[in-house]
Amino acid sequence: MQGPSFLNRLKRNPEIISQLRAFIEFTTIPLRLIDSEGKILWKSDFFRSKANLCNILQSNGFPPRSCQRAHKEAARESLRWGEAIISKCCYFIMQITAPVIKGEKLAGYLVASPFLLIDPSELQPEEIIFLHNKDKSAKKRTLEKALSSIPIVKDEETGQAAHHLFQIADRLSDPDLSGLLKVQEAQELQGKIAEQICDLKNLERDFTPHSLSKLFYETEKEIVAKIRLGDRNGAKEILYQLLAIILIQYLENFELLKISILELLIILSRAAVEAGTKIEEMLGMRYGFITELARIREQETLCLWVVKVLEKLMDGIYQTRHTKNYQRLKKALDFIETHYGEPLTVDRVAKEVYLSSSRLSHIIKSELGITLGDYISKVRIEKAEALLKDRELSISQIALEVGFPDQSYFTKVFKKVEKCTPKAFSKISSELQH
Amino acid sequence: MIHREKKLNLDNAINRKLEKEGSGAVLKRLQQAVVQRDCNGVKALTERMVTEGVELFEILNQGLIPGMLEASERFRKGKFFIPELLMSSRALKFGLSILRPLIQERNKDVLGRVVIGTVKFDLHDIGKNLVIILLEGSGFEMIDLGVDVSPEKFVNAVEKNEAQILAMSSLLTSTMSWMKFTIELLQASGMHRRVKTMVGGAPVTQIFAKNIRADAYCREATSAPSVARKLLGIESNARAVFSE
């Protein structure tokens, strides 16, 4: 009987009691602390009145056991999903439940109930009939009065109350609920990936391995661009998309899934190097990543881990970029990213970031390993490739659009970078599409 | 009580307006009434369309269900909170309570028996519940196993009820494998010859359905009736269940 006595000790703790009271004051929802056997250890003043809604319903023939079951089931769910659960406890009457744990076990739970989502006057007569249950003669007025005495909590307020309740449950629990938060984190990520898959399904009627690898290739370029810019949140969003694409293909084959993740890892770390992480550092990090990857045995952990890897890479980039040079460099790169269609010279970019041309050239060469001119060409070619795939503009138009003075110069640079002409590239990519 | 009277006047106004509109526009308004959580509006519009002789399944499939789907889409996009979603499903119930007895009366011949459930619990098993409503509406007998259903439970229910179709939904990529395990168990017990499987849910794709050897993939809730009919060979001119 370790559970109940543990909670008994807690309910005598004045600090906890004051937190429970603060919750009631803040949300107006009645609150109970119930142990795992269903015994009420602490309850708010609402329940002291004989004519409270729960008492009246029970006198109308609702077995207390069904209430207990509703609370306990919700508590188990909250344990499983790592968050407070908002659910119905009796027809349209609502509850919010959060688990209190001792060791690995559910020791009890906090139940914030009863409350309503709408004004009782908006309830339909056929809904209220349910509350009379078997006892048809039950006093209508007493019930109406009891209904009107419970709080109405609307829309996002319930979410806030749920969040608040979970925090209190966290303090009551031993150890705290951080273990559950990990569960929640994993679930949240799975939810995000599921959403991405759903969005992809809306975009495209039927996937083929071909259309998926094309999609992967395009999305991969996007994430590289985001990492290069140091855009953490943007990169994360695209990572969810990439995970969705990978999971559509390999969900039931864990080995292939792992291989695709490894491939993704290499893309990410290469982008991080481009963004300024020192190669020696990256090699060390990569080694760590690969040993970690080898140990992962399940899909959920794998996805969560990739997100963590991206975070680490972005941290690395952020640290390097915090030097003064990087502030300037980022400014220059951002400028190129938005002005590639204009005639750009070293002088023009240098002026934009208040550096001399030679100083800028030096910074770029030392940080990126290529000259400014090469970098500008690289950005332009990337933009041109996207336009070539769209096939809406002619090659000469594309050349002008991305900032080359004429088609022949564009073709020359393109050939140098991609080892094929723009025309051939356009043809290949259109064949890939069909 | 003044509140009620106001609502009543509003209902009359809705009915007057209805007379001037075509059924397409009214279906759209019914859909919006579900999204707006307007119980009285849903009741009035559904009743009116029934008396005007609009096909029952059309009211369901083009009015009530798309409204609920839009509400859950709003929830997914973070525009709706849980209470709003619950209120939409409450409004939906009022429309269903009008349609259900009429549909039951009409569908005296059962097309087939379907066992349905989600492989793992999700707070919002809306998709599954909509599929139940739609399949019931088109004449299937539904056996709802609810949420968090194990492969054994699915297989036992199929056997006990002599179901022709087993429908499974999953909402998380992490629980989708349970569909595969269930189908494997069906095969191991030799029951796969007697029952057809159909799968669906937000993260479920046709590639996945094919890989786990499901008999059919249901892209969205509203396509469930035609997929189910096709599975039982009732609809001869329907599209292939798997489009290659």
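1. The buried residues of helix H5(B) pack against strand S3 (85-90) and helix H7 (155-172) of chain A. Within chain B, their partners are helices H2 (23-35), H3 (39-51) and H4 (56-76). Contact means C-beta atoms, placed from the backbone, within 7 Å. Buried means 20 or more other C-beta atoms within 10 Å of the residue's own. Among the buried residues are Ile82(B), Leu86(B), Phe94(B) and Leu99(B). Helices here are DSSP runs of H or I, at least four residues; strands are E runs of at least two, both numbered from the N terminus.

2. The model is predicted: local features need pLDDT of at least 70, side-chain atom pairs 80 or more, while totals for chains, interfaces and linings use all residues. Residues are numbered from 1 along each chain as its sequence is written, and chains are lettered from A in the order written.

3. H5(B) covers residues 82-106. Its 25 residues should span 36 Å at 1.5 Å a residue, and the end C-alpha atoms are 35 Å apart, which agrees. The expected span is 1.5 Å times one less than the number of residues.

4. H5(B) has a kink of about 30° at Leu99(B), shortly before Pro101(B). The bend is the angle between axes fitted to the seven residues ending there and the seven starting there.

5. Chain B also holds an open parallel sheet of 5 strands, ordered S2-S1-S3-S4-S5. Strands S2 (140-144) and S5 (216-217) are the edges, each pairing on one side only. Pairing requires at least two DSSP bridges. S1 (112-118) and S3 (165-169) of chain B share 5 bridges; Val114(B) partners Ile165(B).

Notes:
A residue is buried if 20 or more other C-beta atoms lie within 10 Å of its own, exposed if 12 or fewer, and partly exposed in between; C-beta atoms are placed from the backbone. Two residues are in contact if their C-beta atoms, placed from the backbone, lie within 7 Å.
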